[in-house]
Amino acid sequence: MTALSPVLRQATPVTVDHGEGCYLYGTDGRRYLDFTAGIGVTSTGHCHPRVVEAAREQIGSLIHGQYTTVMHRPLLRLTERLADVLPAHLDSVFFANSGSEAVEAALRLARQATGRPNVVVFHGGFHGRTVAAATMTTSGTRFSAGFSPLMGGVHVAPFPTAYRYGWSEEEATDFALRELDYILATLTAPAETAAFVVEPVLGEGGYIPGNTRFFQGLRERADRHGILLIFDEIQTGFGRTGKFFGHQHFDVRADVITIAKGLASGFPLSGIAAPQELMAQAWPGSQGGTYGGNAVACAAAVATIDVIESEGLVDNAAARGTQLLAGARTAATKAIGDVRGLGLLVGSEFTTATGEPDTATAAAAQQLAAQRGLLLLTCGAYSNVVRMIPPLIVTAEQVDEALALWNGVLDEL
């Protein structure tokens with residue numbers, strides 16, 4: 001008899017029978033308000049009728065057409081549709097399956113296009129679990145421990161995590177930019193640095209938004225030294241932050257972005273977007289993959305973009321995100337040291353009376369929420385941040401429902 005790997009850990013006790021919108025229905029007959037969204041994947045909710053119909057129709061005509069062997073219409077249509085939502089200068093795309101693959105593709109492009117070996121990532125970032133992506137990940141050692149040696153050429157600079165440092169945002173930003181300059185002077189010469197790779201909002205690192213001055217500081221240094229600025233939009237893309245892409249909050253231009261998660265409402269699909277002139281500098285044969293750009297996933301992605309636009313889900317994410325953040329801050333008890341977020345990415349950080357990370361209470365809150373019918377996840381280096389990631393279709397009433405359940409959890413704790 002076979003079984004799942006014993007090291008896989010399920011965050012909730014729920015076995016799902018089916019999902020609809022913002023709700024999951026367990027095999028036990030219970031209904032759960034899902035504020036995990038498959039870790040930010042089910043952007044249009046569970047089984048949105050238009051996504052289901054697009055996938056069902058595509059399955060009946062072509063399930064898989066390997067895209068370096070034959071071309072298919074869903075891939076061409078998706079490429080055209082992305083032009084409507086991507087920043088105009090990011091006019092060339094490459095598709096893969098997972099976020100890790102997208103990050104590796106962006107890294108490969110940056111090194112090949114610049115001829116430089118090194119990259120700078122930012123402390124607390126999560127970029128994936130494959131060797132290169134795990135090397136670039138600093139949100140927790142669990143993602144990179146136990147299979148060293150890792151990839152060379154990766155240097156880590158501070159992110160302006162004001163709460164952790166105990167500083168103002170201005171002080172944290174000054175420190176982060178000053179340390180980046182020091183890293184360029186002492187660890188990786190600008191002429192050997194291919195790219196800065198950064199999340200607009202740290203995801204696994206604790207739902208910590210960056211800020212305009214920090215990202216514009218990265219842009220200025222990238223321009224000065226011929227370094228590429230790569231935004232990892234895997235969790236922040238496709239409307240989740242209240243703009244179509246997270247970096248658009250900060251009036252900064254990306255050279256490359258990575259995309260995945262909310263792109264196809266649950267179907268495995270990822271990619272990178274870059275200017276054609278830059279993408280053309282990838283070496284022949286360096287981009288490909290058996291399942292990348294799968295026909296059914298592409299059809300689902302086209303439907304996802306259509307739903308996001310026609311139902312005004314980017315604006316909804318902004319409005320409901322404001323409501324959710326305000327409600328989470330009002331609910332916060334003395335066990336919660338900080339509540340922060342951007343759009344429909346909201347995190348509550350649990351700390352002790354002395355300000356130390358309180359992993360046990362965060363875990364208890366997350367489990368108690370599941371018992372009450374609200375599904376949440378934890379994140380952060382110490383897993384002491386409880387995060388809320390509802391689908392973009394979430395209503396004001398469902399946000400209120402979640403906040404009422406959350407208030408009950410905090411009262412019981």
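The structure holds 19 salt bridges. It is a predicted model. The protein is divided into two parts: domain 1 covers 16-47 and 312-411, and domain 2 covers 51-311.

**How the domains meet**

- The centres of domain 1 and domain 2, taken over C-alpha atoms, are 25 Å apart.
- Domain 1 brings 37 residues to the contact, and domain 2 brings 34 residues.
- The size of an interface is often given as the accessible area lost when the parts come together.
- Domain 1 and domain 2 bury about 2700 Å² between them, and 60% of this area is on carbon and sulfur atoms.
- Of the area that domain 1 buries against domain 2, 23% comes from V314, L342 and L345, more than from any other three residues.

**Polar and charged links across the interface**

- Between domain 1 and domain 2 the count is 1 salt bridge.
- R387 forms a salt bridge with E204, and their closest N and O atoms are 2.9 Å apart.
- On the side of domain 1 that touches domain 2, at least two residues come from each of α1 (37-40), α11 (313-331), β13 (336-341), β14 (346-350) and β17 (385-388).
- That side of domain 1 is made up of 21 nonpolar, 12 polar and 4 charged residues.

**Individual salt bridges**

- Side chains of opposite charge can pair when their charged atoms come close.
- R81 and D84 form a salt bridge through their side chains, with 2.6 Å from N to O.
- R81 counts as buried because its relative accessibility is 6%, under the 20% limit.
- D84 counts as exposed because its relative accessibility is 51%, over the 50% limit.
- E220 and R224 form a salt bridge in which the closest N and O atoms are 2.6 Å apart.
- Both E220 and R224 lie in helix α8 (residues 212-225), 4 residues apart, which is about one turn of the helix.
- E220 is partly exposed, at 37% relative accessible area, and R224 is partly exposed at 48% relative accessibility.
- R253 and D255 meet in a salt bridge between their side chains, at 3.0 Å from N to O.
- R253 is partly exposed, with a relative accessible area of 38%, whereas D255 counts as buried at 9% relative accessibility.

Notes: Residues are numbered from 1 along each chain as its sequence is written. This is a predicted model: local features need pLDDT of at least 70, side-chain atom pairs count only at pLDDT 80 or more; totals for chains, interfaces and linings use all residues. Side-chain values use heavy atoms; hydrogens and water are left out. Domain bounds come from an automatic or database domain assignment. Contact means heavy atoms within 4.5 Å. Buried area is the accessible area (1.4 Å probe) that two parts lose on being put together, summed over both. A salt bridge is a side-chain nitrogen of Lys or Arg within 4 Å of a carboxyl oxygen of Asp or Glu. Ala, Val, Leu, Ile, Met, Phe, Trp, Tyr, Cys and Pro count as nonpolar, Asp, Glu, Lys and Arg as charged, and the others, Gly among them, as polar. Buried means under 20% relative accessible area, exposed over 50%, partly exposed in between (1.4 Å probe, protein chains only).
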